[in-house]
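I began with a whole chain, went on to an interface, and ended with single elements and residues.

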Amino acid sequence: MLRRHALPAATVGDGPHPDCSRGRLPSDTALVARMARGDEAALGVLYDRHGGVAYRLAFALTHTSEGAEDVVSAVFAQLWRESRELRTARQSVLAWMMARVRRIALARRGVADGSPRGGVRIAQDRAARSRQAAGMKSRQVTGGTKPIEPLVRKALAELPEAQRVAVERAYFGGLTRRELAIEQEEPVTQVTEHLGSAMHYLRRALLPRAGTFEEPVTRRG
Amino acid sequence: MTHEQLIESAAAYALGTLDGDDRAAFEAHLPDCEECQTEVEAFREVTGLLAHGTPAVRPANSGALRDRILRDARDVRPLSSAPSKAVRPAKGASIMPWLAAAACLTIAAVSGLSYSRERAQLALAEHDLAATRADLAGRDSTIAAFLGPEVHVVSLSEPKGKPSARVFWNHTRNVFIVTAFNLPPVPAGKTYQLWAIRNGKPPLSMGTFALNASGRATAIVPVPQNITDGGFIDDCALTVEPAGGSAQPTETPRLMGAWRHVD
């Protein structure tokens, strides 16, 4: 029987989570190294740490609880299977996981919609976004938000409208740059500029990833 | 495309918004550019944190999902540690009831494991299927361009030789579809360039294309406006030009052909 690890909430601070720095908690990278040696408990700890946010992103993209659970399950299965390779990846475990969540969730959505990328799908996305917003109101968890969440929300809210919409539609809507240009009725160059400016701002606001369970980013590989 | 132009797309690439030629161009540049790699890595870290901006929802039963993930892990990649030694029953004790109970438990456990495994495998299979569908959609688009109602074709060959390339002109979609085969690779810094030739007039560039690793090419190229406006074209020619293409051919055409209508 695997023991559940009670973990403190992510907090805002300077650099990695203080308990990681003091050696009280293993970093994500250390857990992945343990997984590569077949340590299932390490996988459980990573689920306790990031399973929640992975589910939230998966739910935002698939719009169903069953779909989100399947996506999260598939991502952790990949994390387990590819842990040896991930040890040498040049990105954090969280970034790797969220990229996989998006990829699998968007692929599932494409299958479910059965529609090609393009104008048709953009219209469907608008409808899905409304459904998603309506569904989420009844599923909102009251209280207990972690400090890192308002930091991200604040940074997104501070973006100029056009930049915020571009990032949200790209990240949560899965639109390509050309699809964004069609939807927003702007030239592709303008969309590129919005995305670039927004990501530079978010980078300054959010990195280094304060309060996360990651070791400082170093050039690996 | 220059490094300065490409690095402006680093954020768009990290967000997964580049597609088609844009993505291919960026990925071709990325392995050799430390600055773009650094940008992409930093932006990917940002995208990882953006997930915290989603509304706070939870799985209906987080513990069950956790258990499912751990069960799948055991099944996907069994641990390499040696199995524990079986406990031997005491001499003389009947083991039949224990065997029956163990069999029932095993059947229940296997059923549960099979269900979890199949759900995980289904999720991965759906992912693969979606990728395949996207690939097929791209191929369908190319095929549709071949089969339009208003299509002209030209076969390009050496004098009295077999064709080495064909160009289809879909007037409805106003694109050229270039298919090349049996062409030798061009030297570094050079590219293949196609020319539209009207009798008595200077050639007009139809665009450039590159071969893939196997020496073949399939490319869809928008028809330049000056060709659309210029009326009937007699012939098509292929030359090798400096990378980026030339305003006028700098060598004698290697391949030539006459346009004809597709039946």
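**Chain A as a whole.** I started with burial in this predicted model, and found that buried residues make up 54% of the 221 residues in chain A. I then looked up the secondary structure of chain A, which has 11 helices and zero strands, so that, by the definition of these elements, the pattern read along the sequence has α entries, written α-α-α-α-α-α-α-α-α-α-α. For the contacts in chain A between residues at least 6 apart in sequence, I noted that 68% join residues at least 24 apart.

**The interface of chain B and chain A.** Next I asked how many residues each chain brings to the contact, and the count is 55 residues from chain B and 72 residues from chain A. The area buried between the two chains comes to about 6400 Å², and I noted that carbon and sulfur atoms give 62% of it.

I went on to the charged pairs and found a count of six salt bridges between chain B and chain A. I looked up one salt bridge by its residues, R178(A) and D22(B), whose side chains meet at 2.9 Å, N to O.

Which helices of chain B supply at least two residues each of the side that touches chain A? I listed α2 (10–14), α4 (34–50), α5 (62–76) and α6 (96–146) of chain B, and noted that α4(B) gives the most to that side, with 14 residues. By residue class, the side of chain B that touches chain A divides into 25 nonpolar, 12 polar and 18 charged residues.

I then turned to S9(B), which lies in the loop between α1 (3–7) and α2 of chain B. Is S9(B) buried or exposed? With a relative accessible area of 8%, S9(B) falls under the 20% cut-off and is therefore buried. Leaving aside its neighbours within four places in sequence, I found S9(B) in contact with R177(A) and T192(A) from chain A, and with L18(B) and F26(B) from chain B.

**Strand β3 of chain B.** Last, I asked why strand β3 (residues 175–180) of chain B is largely enclosed by the rest of the structure. Six of its six residues are buried, which is why I recorded the strand as enclosed. In a regular strand the side chains alternate between the two faces of the sheet. I therefore checked the faces of β3(B) one by one, and both are covered, with V175(B), I177(B) and T179(B) buried on one side and F176(B), V178(B) and A180(B) buried on the other.

For the partners of β3(B), I found that strand β2 (residues 163–170) of chain B pairs with β3(B) in the antiparallel sense over six bridges, and that N170(B) stands opposite V175(B). The hairpin of β2(B) and β3(B) has four residues between the strands, and in this hairpin N174(B) takes a positive phi near 55°. Strand β6 (residues 217–222) of chain B also pairs with β3(B) in the antiparallel sense over six bridges, and there the bridge partner of T179(B) is T218(B).

Technical notes:
Residues numbered from 1 in each chain as written. Chains lettered and ligands numbered in written order. Predicted model: local features only at pLDDT ≥ 70, side-chain atom pairs only at ≥ 80, totals over all residues. Heavy atoms only, no water. Contact = heavy atoms within 4.5 Å. Buried area = accessible area lost by both parts, 1.4 Å probe. Salt bridge = Lys/Arg side-chain N within 4 Å of Asp/Glu carboxyl O. Nonpolar A, V, L, I, M, F, W, Y, C, P; charged D, E, K, R; others polar. Buried < 20%, exposed > 50% of the residue type's maximum accessible area, 1.4 Å probe, protein only. Pairing = 2+ DSSP bridges.
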